[in-house]
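Dear colleague,

I am handing over the structure below, and my notes on what was found in it follow directly after. Please read them alongside the coordinates.

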Amino acid sequence: METPPFLQAIAVSKLYPGERLAGVKKTSLTIQPGKITAIIGESGSGKSTLLRLLYGVLSLDEGEVQFKGERIWGPEEKLIPGHDAMKMVTQDTDGLNVFAKVWDNIAVLLPNTDVKAKEKNTEQVLNQLNMLRLAEKRVADLSGGEKQRVAIARALITRPEVLLLDEPFNQVDTSFREGLQQDIRQIVKETGLTVIMVSHDPAEVLSMADELLVLKEGEILEAGHPKKLYQNPEHLYTACLLTNCNILSNSEAMLCGITSVKEYIVIYPEWAAVTNSWTRKDWTVKQILFKGNYEDLLLEKNGVTLRVWNNRQEKYHTGDMVNLKIHKHIGY
Ligand code: ADP
Ligand code: MG
């Protein structure tokens, strides 16, 4: 017999009536075990709804979710909603006991029947999440990012097979966020944990996901490896989600030397470069935005503005006339 998919949604719908019918619409997907699947979409596209349907904490209007071939029960069919093999972490850390120590917040979820195992497992999870040094601190004394780590440790201590993350890094500083993302990647690699995360942050999904699903108005528009979706998005919506790209009409694109029958032409900031050529200096540097280790140049020519990356800082100045080479574009 063929083994059933690990986790699968089959034409699931959950619709909220309103001005426009919102929610999740007849969506099917398969989640690979031991991988990080990320779902990206604009705000209101149905990311949280889809995640909660997969978990079984939201009742379906239509369709079915299956875990290892078995239908997942909805919240009205189960005493404690949510599949037992899964845990979910969201932005809110309200579930933590702020007056208790980090260690106790995590250990409390394990039974007292085997105290040795309880100690060992708590220590292991704290270690995996690089927070052993926080063990004796009160949760109330932690930073937002540290609290988020405690919430994740609490989810992992009972060794779920699937960890669901609903934009849990939103409140976390950038520097903290990267460390936490790396630790989760490492845990996935070491333990075979399956992670499904939703986010609207391209940097996050591009660096973390093995598989990326793009959600638009409750439907999956496209899916694939983040690199593939980034380099060759099939839809304009995907390009706009994943990068701060330039979108030109085809007549504007003509000014850049691009002839196309497509309605819109997309040029990523790194697909164009200012060159040293002495000929055809027909773009004006309108504005320079300092970005730390690179600059964004806003260039203008006959009313068309293009955002272009430049890593040779301070080489150009506002008002300079420059030559521009565009080496890639996509039409939609
Ligand atoms: P996302 O997480 O992508 O921002 P959500 O899944 O939270 O989106 O919501 C998708 C859509 O469904 C939104 O338009 C939202 O307003 C609507 N929605 C979500 N939950 C409810 C609810 N309980 N009642 C009514 N509408 C809802
Ligand atoms: Mg959401």
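In this predicted model, a polar side-chain atom of serine 48 lies 2.9 Å from an oxygen atom of ligand 1, a polar contact being a pair of N or O atoms within 3.5 Å (within protein, one must be able to donate a hydrogen and the other to accept it, and residues adjacent in sequence count only if both atoms are side-chain atoms). The backbone also takes part: a backbone N or O atom of glycine 44 is 2.7 Å from an oxygen atom of the ligand, and a polar backbone atom of glycine 46 is 3.1 Å from an oxygen atom of ligand 1. The residues that surround ligand 1, each with a heavy atom within 4 Å of it, include Tyr16, Glu42, Lys47 and Thr49.

Turning to the domains, an automatic or database domain assignment gives domain 1 (7-241) and domain 2 (246-331). Seven residues from domain 1 and eight residues from domain 2 make the contact (heavy atoms within 4.5 Å). The C-alpha centres of the two domains lie 38 Å apart.

The area buried between domain 1 and domain 2 (accessible area, 1.4 Å probe, lost on putting the two parts together and summed over both) is about 600 Å², with carbon and sulfur atoms giving 59%. On the side of domain 1, Tyr230, Gln231 and Leu236 lose the most area to domain 2, together 65% of what that side buries. Across this interface there are three residue pairs in polar contact, both residues at pLDDT 80 or more.

On conventions, residues are numbered from 1 along each chain as its sequence is written, while chains are lettered from A and ligands numbered from 1 in the order in which they are written. Local features need pLDDT of at least 70, side-chain atom pairs count only at pLDDT 80 or more, totals for chains, interfaces and linings use all residues, and side-chain values use heavy atoms, with hydrogens and water left out.

Best regards
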